[in-house]
Amino acid sequence: MSRPPEAAPRRIAILGNPNAGKSTLFNALTGLRQKVANYPGVTVEKKTGSCDLPDGRRAEIIDLPGSYSLQPASPDEMVVRDVLLGLQVDTPPPDLIVFVVDATNLERHLYLALQVIELGRPIILTLNMMDAADAQGLRIDAAVLERQLGVPVIGISAVRGTGLDRLRDLMARDVEPSTRHFREWPSHLQRVIDRLEQRVPRLPSVPDRARRDVAVAMLLDQGEDDALAKHVSAEALADAHLLARRLDEFSPGWRSGDVAGRYEAITALVAEAVNAPAGDHKDARRAAIDRVLTHRIFGPVIFVVLMGAVFQSVFAWAQPLMDLIDWGMRAVGNGIGHAMPEGPLRSLVVDGIIAGVGTTLTFVPQIAILFLFLSVLEDSGYMARAAFIMDRVMSRVGLSGRSFIPLLSSFACAIPGIMATRSIDSRRDRFTTIMIAPFMSCSARLPVYALLIGAFVPNRWVGFVTLPGITLFAMYFLGILAAVVVAWALKRTVLAGGLPLYVMELPPYRMPAWRSVFITVRERSLLFTRNAGTVILAITVVLWFLASYPKGGEAVRALEAERTQVAAAGDTTRLRALDNQIASAALAHSFAGRTGRLIEPAIEPLGFDWRIGIGLITSLAAREVMVSTMATVFNLGSGESDVQPLRKILREAVDTRTGKLAYTPLTGISLMVFYVLACQCMSTLAVVRRETNSWRWPIAMLVMMNAMAWLASFTVYQGGRLLGYGA
Amino acid sequence: MKTRARGHHTARTLDQLAAGERAVIASVDCPPAIARRLMELGLLPGTEVQVIRRAPLGDPLEIALRGVHLSLRTSEARHIDVTPA
Ligand SMILES: Nc1nc2c(ncn2[C@@H]2O[C@H](COP(=O)(O)OP(=O)(O)OP(=O)(O)O)[C@@H](O)[C@H]2O)c(=O)[nH]1
Ligand SMILES: [Mg+2]
C-alpha cells in the first residue's frame with residue numbers, strides 16, 4: 001500500500017489515574033499486549049506502540065504509568081510529570097493527550113485531569129468503563145463536561161471496544177488546548193511562584209504555560225527531585241527551599257491550598273454533569289464479597305487455601321499434558337534415532353537437541369497454568385485484597401502492602417517484579433523489595449522443582465493434598481521465609497528508617513477480561529517455548545559438544561579393551577553394564593566433565609556430584625537450562641540408545657566410583673533448596689543494576705544469596721545424613 | 001497517643017471510628033508532603049468518610065470516600081481528626 005509522504009507521526013500520550021484502563025485502551029488502539037490487571041500500579045514504564053488514524057496518518061501511542069498527581073510521590077509518577085512538563089529530554093511532550101478517567105469514579109479521577117488541563121496542552125477527556133457506568137445507572141452529561149472544562153469529552157469502553165472509532169476520529173483532529181484554571185493561589189504565594197518562574201531555564205521542551213508548574217515543583221521539592229536538579233541551577237533550588245521554609249512559618253497549609261480549590265471545582269462539576277441513581281447498590285455486591293474475602297478469620301484462611309490450591313493444580317492439571325509431550329518427545333527421539341546412522345550427528349540430534357529441548361518443553365503446561373491463575377486473581381481484583389490482608393505482616397519486617405504485589409509478580413519472574421517496585425514511594429522500601437524479590441520462586445525454577453519432585457518425591461496422598469504438592473509449596477514457602485529474614489535484616493541496618501505513607505486504592509471486583517488473561521497465558525508460554533528454541537537450543541548444542549569431546553582418555557580405553565573381551569565371551573548383562581561405564585567415563589573425560597569435577601569439591605558437601613555441577617554452571621544462563629542440561633548429560637552418559645524419561649534416569653543414576661545410587665531423595669531436597677536461594681540469573685542482576693543505579697546492590701545480592709544457598713543446602717544435606725536420611 | 005473519645009464533643013481521630021461508622025474530616029495533621037498526598041486522594045477537610053472495615057490483623061483500615069475505597073494505616077489515620085457526620 002502506498003502512503004502519502006508522511007510528516008512525523010503524531011505523538012499521543014495516554015494518561016490518567018492508576019487502574020483507569022489506560023493499558024487496556026493502549027492495547028485496543030495498537031493491537032499490542034501490554035500487561036493489564038485490576039490493581040493500581042501495573043504499568044511502571046512508558047511503552048510505545050503505533051496506531052493508524054482514520055485520515056491515513058500514523059500515530060505513535062505512549063502508554064504512561066498511572067499517576068494521582070503532577071506532584072510526584074514515586075518514581076513512576078515522576079516519569080509522567082517529566083514527560084508532561086518537558087523535563088525528560090529524550091521524550092518531548094506529546095502532541096495530544098488522551099486522558100483516561102474511570103467514569104464510575106469521576107470525582108477522584110478528575111483531580112489529575114484538572115491539573116493536566118491547566119497545563120494548556122491539547123487533550124481529549126476519555127470517559128472509560130462506560131459499560132460499568134451504564135450498569136450502575138450512572139448518567140453522565142458529556143456536553144456539560146465539555147463546556148465546563150473546555151476540552152472534547154468522549155465516552156468509551158476499552159474492554160468492549162465501544163466508542164473507539166469516534167476516539168480515533170478525534171485523535172486525528174487538531175484539538176484546541178483549554179484555557180481554564182481551576183485553582184487560585186493566594187496573592188503572596190502567587191508572587192513567590194512568579195519570582196521562581198523567572199529562575200526556570202528556558203528550555204525548548206518546556207512550553208511557557210508549564211514554566212509555572214516547574215516553579216511550583218521547585219517550591220514543593222524535598223531535595224529528591226532528580227529531573228529538577230538536572231535542569232534548574234542549584235542556587236535557584238536552594239532559594240526555592242528557603243522560600244518554602246519561610247512559607248511554612250507564615251502560612252502553614254500553603255502546600256495543599258490548591259488541592260482544595262480543585263476539589264471544589266470538581267464537586268460542582270460532578271453535581272451538574274452526573275446523575276446517579278439513589279442508594280449505593282453499586283457497593284452491595286462488593287460488600288458481600290469483601291465480607292468473606294477480607295473476613296477476620298476466613299480472609300487469611302482463604303488466602304492460604306487459594307495459594308495452596310494454585311500449586312496443587314499446577315501439578316495435578318499439568319500432569320496429563322506433560323506426559324503427552326514427554327511421550328511425543330520420546331517417540332520423535334527414538335524414531336529419528338533409529339532412522340539415522342550411528343555417529344556424532346545422531347548423538348547431537350537425539351542426546352543433545354531432542355533430549356534437551358524436548359524435556360524443557362514438557363514444562364510448558366505448568367507455566368501456562370501458573371499464569372492462568374495469577375492473571376485471573378489479578379484481574380478480578382483479589383490481589384489488591386491480598387495486599388490489604390498482608391500489609392500488617394509486611395509491616396512486621398518494615399515493608400508495606402505496596403511491596404506485596406511486586407513480590408507476588410516475582411513468582412512469575414523477578415524482572416517484572418523488580419520493575420514493579422517503581423510504584424513504591426519510599427526509596428528504602430523500594431530497595432529492600434528489590435533485594436528480596438529474587439527469593440520468590442520464579443517460573444524458571446518451577447521446571448527444576450518439578451523434575452526433582454517427580455524423580456524423588458513419591459506421589460502419595462496426605463490428607464487433602466499430595467506429597468509432591470506439599471513439597472512444592474514448601475519450596476515456595478522457603479523462598480518467602482528467606483525474603484522475610486533478609487528484609488528484616490536490611491530494614492534494621494543499611495535501609496533503616498522512614499516509615500512511608502501507605503495508601504492503596506482497593507478497586508471494585510471485576511469479571512476478569514478473558515482476552516487479557518488469555519493474552520498473558522499465551523505470551524508467557526510462548527516466551528518459554530521461544531527460549532527453549534533459542535537460548536536453550538544453543539546452550540544444548542554447545543553443551544553437547546563440551547560433553548562429548550575430547551573423546552578417549554585412559555579410563556575409556558581400558559574399559560573398551562575389556563568390552564572387546566566380554567563381547568567375545570557373549571556375556572550380555574556384563575556388556576550393558578560396561579557400555580554404561582564407558583559412556584560415563586567418556587563424559588567425565590570431556591570438557592564439561594572436567595569442569596564439573598573441578599567444582600565438585602565445593603559442592604560435594606551439599607550432596608551434588610560433578611554432573612549436577614555441570615547443571616549448576618549452565619543454569620547461569622537461565623535456571624530452567626538445568627533440566628535440559630541434565631537430560632543431555634545423562635543421555636550422553638548412558639549406554640542406552642533410547643531417550644529415557646529424565647525422572648527415571650535421575651532416580652537410577654549410579655555413582656561409578658562407588659557403584660551405588662548417585663542421588664537419594666535427600667540430594668533432591670538439597671538441590672531444590674539450593675535453587676530456591678541461589679542467585680543464578682544474570683538478567684536479574686542486570687535489572688537490579690539498572691533500577692538501583694549502582695553496582696553495589698547487585699553484587700551484594702549475588703554474594704548474599706549464594707552464601708545463603710550454600711549454607712542452607714549444606715545444613716539440609718549434612719543434617720539429613722546425621723538423622724539417617726542419606727540412604 | 002490520643003485517648004479514646006468518650007463523648008460527642010471530644011474530637012476523635014479516624015482510627016477511632018468503628019467499622020461502618022461515618023464522620024466528616026476536620027483536619028489532616030501529617031507531615032506536609034504526606035498531608036498533600038492524602039488530600040490529593042480526596043481526604044480534604046469537610047469530606048465525609050466511612051470506615052468500612054479493619055484488615056484481619058487489625059491494620060490497615062479500609063475507608064470509603066467520594067466513592068473510592070482506600071486502605072490506610074492506623075499510623076496515618078491517627079493524625080486525621082474527624083467530627084460526627
Ligand atoms: N468494565 C470495564 N473494565 C475495564 C475497562 N477498561 C479496563 N477495564 C479493567 O480495568 C482494570 C485496569 O485496567 P488497566 O488497563 O490495567 O489499567 P491501567 O490504567 O493501565 O492501570 P495502571 O497500569 O495500574 O496505571 C482491568 O481489570 C481491566 O480489565 C472498561 O472499559 N470496562
Ligand atoms: Mg497500565
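Helix H15 of chain A covers residues 364–380, 17 residues in total. From first C-alpha to last, H15(A) reaches 24 Å, close to the 24 Å expected at 1.5 Å a residue. The model is predicted.

**Helix H15 of chain A**
- H15(A) is mostly covered, with 14 of its 17 residues buried.

**Cis peptide bonds**
- Most peptide bonds are trans.
- In chain A, the bond from Tyr549(A) to Pro550(A) is cis, with omega near -10°.
- Pro550(A) sits in the loop between helix H23 (535–548) and helix H24 (554–569) of chain A.
- In chain B, Asp59(B) and Pro60(B) are joined by a cis peptide bond, with omega about -5°.
- Pro60(B) belongs to the loop between strand E3 (48–54) and strand E4 (61–65) of chain B.

- Most residues other than glycine have a negative phi.
- Asn19(A) is not a glycine, yet its phi is positive, at about 65°.
- The loop between strand E1 (10–16) and helix H1 (22–30) of chain A holds Asn19(A).
- Asn19(A) counts as buried because its relative accessibility is 18%, and the cut-off is under 20%.
- Arg66(B) also is a residue other than glycine with a positive phi, near 50°.
- Arg66(B) lies in the loop between E4 and strand E5 (68–72) of chain B.
- With a relative accessible area of 16%, Arg66(B) is buried.

How values were computed:
Residues numbered from 1 in each chain as written. Chains lettered and ligands numbered in written order. Predicted model: local features only at pLDDT ≥ 70, side-chain atom pairs only at ≥ 80, totals over all residues. Heavy atoms only, no water. Helix = DSSP H or I, 4+ residues; strand = E, 2+ residues; numbered from the N terminus. Expected span 1.5 Å × (residues − 1). Buried < 20%, exposed > 50% of the residue type's maximum accessible area, 1.4 Å probe, protein only.
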